[in-house]
Amino acid sequence: LIFLDIQGATLGRCFRAVRMARLVRTVRMLRTLRTTREFQKMAFALVSSTRTLLWSLLILFFIIYFFSVLFCQAVTDLEDCPDASPAAGELVHLYGSMPRSFMTLFMAV
């Protein structure tokens with residue numbers, strides 16, 4: 001009879017430990033859901049801002065393209081001039097062609 005009492009007490013402690021583990025698991029799950037909600041908000045903000053980012057990059061591309069055409073034309077005109085300064089060689093190297101001019105201006109940004 002005493003042996004059964006000890007086993008019953010031990011079994012009761014086991015059930016109590018299982019209930020506590022379930023409670024802890026539930027609390028952890030609620031904390032995780034709160035964290036994932038914050039993560040969802042951050043992911044939504046990133047996705048929403050990509051459209052604005054792409055338009056900004058497109059505007060930047062057109063501005064760099066415009067100035068690279070301008071600089072390339074100016075350096076080509078300077079190259080044709082007979083009394084060009086000694087620095088004209090450096091300018092021709094940096095802005096002598098469209099791809100080189102675009103790359104130089106992009107690296108300056």
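Modeller: Leaving aside residues up to four places away in sequence, Ser-101 touches Ser-68, Phe-71, Cys-72, Leu-94 and Tyr-95, where a contact means heavy atoms within 4.5 Å. Bear in mind that this is a predicted model, so local features need pLDDT of at least 70 and side-chain atom pairs count only at pLDDT 80 or more, while totals for chains, interfaces and linings use all residues. Residues are numbered from 1 along each chain as its sequence is written, and side-chain values use heavy atoms, with hydrogens and water left out.

Ser-101 lies in helix H3, residues 98-108; helices here are DSSP runs of H or I with at least four residues, strands are E runs of at least two, and both are numbered from the N terminus. Because its relative accessibility is 0%, Ser-101 counts as buried. The cut-offs are under 20% relative accessible area for buried, over 50% for exposed, and partly exposed in between, using a 1.4 Å probe and protein chains only.

Now for the wider chain. Of its 109 residues, 8% count as buried. The chain has three helices and zero strands, which gives the pattern α-α-α along the sequence. Among contacts with a separation of 6 or more, 54% come from residues 24 or more positions apart.

As for Tyr-65, you'll find that one in helix H1, residues 2-80. With 42% relative accessibility, Tyr-65 counts as partly exposed.
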